[in-house]
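Keep the coordinates open as you read.

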Amino acid sequence: MGSPFKDELTTKFHDHYRRQTNGEGPPKIKWLGYDTLKCPMDLWIYQEIIYEIQPRYIIEGGTCTGGSALFMATILDVLGYGNVVTIDWDADEFRPKHPRIQYITGNTIHIETVQKVRDLVQDPGRRMLVLDDGHDHDHVYQELMLYAPMLRAEDYLIVEDTNLGGPLWGLERFLQEIPDKFVRDEERERLLLTFNPQGYLKCIA
Ligand SMILES: C[S@@+](CC[C@H](N)C(=O)[O-])C[C@H]1O[C@@H](n2cnc3c(N)ncnc32)[C@H](O)[C@@H]1O
């Protein structure tokens, strides 16, 4: 696969950033003391999207230590509106406790998990879907098939870690089959460093 980035310098900086921790991966960052695996440049973009769409619900696949859920809940706190529903197949009692965060334990693509999410996101209002759990292309494709129907026009989709290949291939397969529901939002890549090249999408139908 060629680089998903627009130019060579961005590709090199991305590769350099990811290799910083003795080649094991990107440097750890924290939000209010909790680890998050996201790129700080992407978190800035998350903040812009959350402010712009004012989501009633943010659905996140892949909680891990809860730092990204806490980041999003903190922005929602400032807005005074919205909840984060975050899913992971591993339970972890040390995740942040926050009144806007609801944790679901389960495999994101199991139908019981999807039903639990549907039950929790009943109110009207905009939705933002963040896929950041399994990065295998078939998993991402299945997740999109299961969760994209929960989104409507003006909602928002972020497929994380398209820089790794698998999530981008899953997204491409989904977009080939369902071509009229999303458009890419390339403006979100203007800070150059992102883990989600081609992974920011507006829902249009
Ligand atoms: C990349 S980490 C999430 C990082 C987190 N969103 C952050 O930014 O800090 C991926 C998480 O997805 C979980 N995971 C992987 N496959 C999953 C699946 N099929 N269903 C639910 N959780 C899954 C893993 O347990 C792991 O905690």
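The salt bridges in this predicted model number 16. One of them pairs Arg188 with Glu48, at 3.9 Å from N to O. Arg188 sits in the loop between strand S8 (182-184) and strand S9 (200-203), while Glu48 belongs to helix H2 (residues 40-53), so the bridge ties together parts that are 140 residues apart in sequence. Both Arg188 and Glu48 are buried.

Asp185 is another partner of Arg188. Here the closest N and O atoms of the salt bridge are 2.9 Å apart. Asp185 is buried, as is Arg188. Which residues do salt bridges with shared partners join into one network? They are Glu48, Glu52, Asp185, Glu187, Arg188 and Arg190.

Now turn to the largest pocket. Its volume is about 520 Å³. The lining comprises 35 residues, and those closest to the pocket centre are Leu37, Cys64, Asp132, Asp133 and His135. Helix H1 (8-18), strand S2 (34-36), helix H3 (67-79) and S4 each provide at least two lining residues. What is the lining of the largest pocket by class? It has 11 nonpolar, 13 polar and 11 charged residues.

Helix H5 (residues 137-147) comes next. At its start, a side-chain oxygen of Asp136 comes to within 3.1 Å of the backbone nitrogen of Asp138. The buried residues of H5 are His139, Val140, Tyr141, Glu143, Leu144 and Tyr147. Look at the spacing in that list. An α-helix has 3.6 residues a turn, so residues three or four places apart point the same way. What covers the buried residues of H5? The cover includes S4, helix H4 (111-120), strand S6 (127-131), strand S7 (156-159) and helix H6 (166-177).

Some loop positions deserve a look at the backbone. Gln54 is not a glycine, yet its phi is positive, at about 50 degrees. Gln54 lies in the loop between H2 and strand S3 (57-61). Its relative accessibility is 32%, so Gln54 counts as partly exposed. Glu154 is not a glycine either, and has a positive phi of about 80 degrees. The loop between H5 and S7 holds Glu154. With a relative accessible area of 49%, Glu154 is partly exposed.

Finish at Phe94. This residue is in the loop between strand S4 (83-88) and strand S5 (101-105). Why does Phe94 count as exposed? Because its relative accessible area is 64%, and exposed means over 50%. Phe94 and Tyr34 are 60 residues apart along the chain, and 9.7 Å separates their C-alpha atoms.

Key: Residues are numbered from 1 along each chain as its sequence is written. This is a predicted model: local features need pLDDT of at least 70, side-chain atom pairs count only at pLDDT 80 or more; totals for chains, interfaces and linings use all residues. Side-chain values use heavy atoms; hydrogens and water are left out. Helices (H or I, at least four residues) and strands (E, at least two) are DSSP runs, numbered from the N terminus. Buried means under 20% relative accessible area, exposed over 50%, partly exposed in between (1.4 Å probe, protein chains only). Contact means heavy atoms within 4.5 Å. A polar contact is a pair of N or O atoms within 3.5 Å; within protein, one must be able to donate a hydrogen and the other to accept it, and residues adjacent in sequence count only if both atoms are side-chain atoms. A salt bridge is a side-chain nitrogen of Lys or Arg within 4 Å of a carboxyl oxygen of Asp or Glu. On a 1 Å grid over the protein atoms alone, a cavity is a set of points where a 1.4 Å probe fits but cannot get out, and a pocket is an open set with protein on both sides within 12 Å along at least five of seven lines; lining residues have an atom within 4 Å of a point. Grid points are joined across faces, edges and corners, and a volume is the space filled by probe spheres set on the points. Ala, Val, Leu, Ile, Met, Phe, Trp, Tyr, Cys and Pro count as nonpolar, Asp, Glu, Lys and Arg as charged, and the others, Gly among them, as polar.
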